[in-house]
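Subject: Structure handover

Hello,

Here is the structure for you to look through. My notes on it follow below.

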Amino acid sequence: MARIIEFCFLMLKVAIALLLAGMVVLVFGNVVLRYAFNQGITYSEELARLFFIWLTFLGAVVAMHEHGHLGVDSVIRRLPPNIAKAAVLAGHFLMLVATWLLISGSWDQTLINLHVKAPATGISMAFFYGAGLAFGVPAFLILLWDAFCVATGRIDLATAELVRDSEEQIADDDHSSTGLGRPVNTLGSQG
């Protein structure tokens with residue numbers, strides 16, 4: 001099962017790279033056509049915006065899976081284990097509520113805009129709002145799994161890294177390339 005999940009996230013990363021490449025080609029191509037030939041691609045801006053929206057939401061799913069979103073765990077580290085566990089579970093509960101609100105709102109907007117067409121491309125505007133669903137559903141499942149792992153003790157909060165600073169990431173990457181790295185115990189590595 002873990003291999004299937006990792007393969008799905010690899011495919012998400014490929015899709016993100018393709019969306020970014022498509023966005024660059026559309027925008028750069030349109031700039032060149034406008035300045036060099038005094039013409040442009042009429043649907044370039046609209047497609048680039050759609051690609052950017054999907055790129056952002058799919059990237060957020062990957063970051064959620066890799067626990068790469070911003071966070072502060074200095075307070076959690078100083079709390080007694082039971083209180084730290086309760087605080088982490090309360091935080092996950094609040095994130096689940098916020099994610100549910102995002103899913104609910106995205107679903108409503110997707111249904112409302114199902115028959116509304118974008119002006120240049122004619123693509124249904126539901127594709128724009130569907131990106132919220134593409135983030136919300138996997139994020140909800142990831143948060144639910146992480147909360148379950150914390151609640152059942154599969155994740156030890158004393159050793160788990162809930163978040164990583166960019167400086168820590170650079171230092172760990174430097175140490176691992178020289179053989180001095182320590183094994184990192186993140187939420188994503190358990191379960």
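**Contacts of H92**

Leaving aside residues up to four places away in sequence, H92 touches L143, D146 and A147. Please keep in mind that this is a predicted model. H92 sits in helix α4, which covers residues 81-112. Is H92 buried or exposed? Its relative accessibility is 7%, and the cut-off for buried is under 20%, so H92 counts as buried.

**The second largest pocket**

H92 also turns up in the second largest pocket, being one of the residues that lie nearest its centre. Which helix gives the most to the lining? That is α4, with 5 residues. Helix α5 (126-152) also takes part: α4 and α5 each supply at least two residues of the lining.

**Salt bridges**

How many salt bridges are there? The count comes to 2.

One of them is formed by K13 and E66, whose closest N and O atoms are 2.7 Å apart. This pair links distant parts of the chain, as K13 and E66 are 53 residues apart. K13 belongs to helix α1, while E66 lies in the loop between α2 (44-65) and α3 (74-78). K13 has a relative accessible area of 40%, so it is partly exposed. E66 is partly exposed as well, at 45% relative accessibility.

R77 and D73 form a salt bridge too, with 3.3 Å between the closest N and O atoms. R77 is partly exposed, with a relative accessible area of 40%. D73 has a relative accessible area of 15%; this is under 20%, so D73 is buried.

**A nonpolar patch on the surface**

Which residues form the nonpolar patch on the surface? They are F7, L10, M11, V14 and L18, and together they have about 480 Å² of accessible area. L18 is found in helix α1, which runs over residues 2-37. With a relative accessible area of 60%, L18 is over the 50% cut-off and therefore exposed.

Best wishes

Definitions and conventions:
Residues numbered from 1 in each chain as written. Predicted model: local features only at pLDDT ≥ 70, side-chain atom pairs only at ≥ 80, totals over all residues. Heavy atoms only, no water. Patch = residues over 30% accessible without salt bridge, like charges linked within 9 Å, V, L, I, M, F, W, Y side chains within 5 Å. Areas by Shrake-Rupley, 256 points an atom, 1.4 Å probe, with all protein chains shown as cover. Salt bridge = Lys/Arg side-chain N within 4 Å of Asp/Glu carboxyl O. Helix = DSSP H or I, 4+ residues; strand = E, 2+ residues; numbered from the N terminus. Buried < 20%, exposed > 50% of the residue type's maximum accessible area, 1.4 Å probe, protein only. Contact = heavy atoms within 4.5 Å. 1 Å grid on protein atoms, 1.4 Å probe; cavity = no way out; pocket = protein on both sides within 12 Å on 5 of 7 lines; lining within 4 Å.
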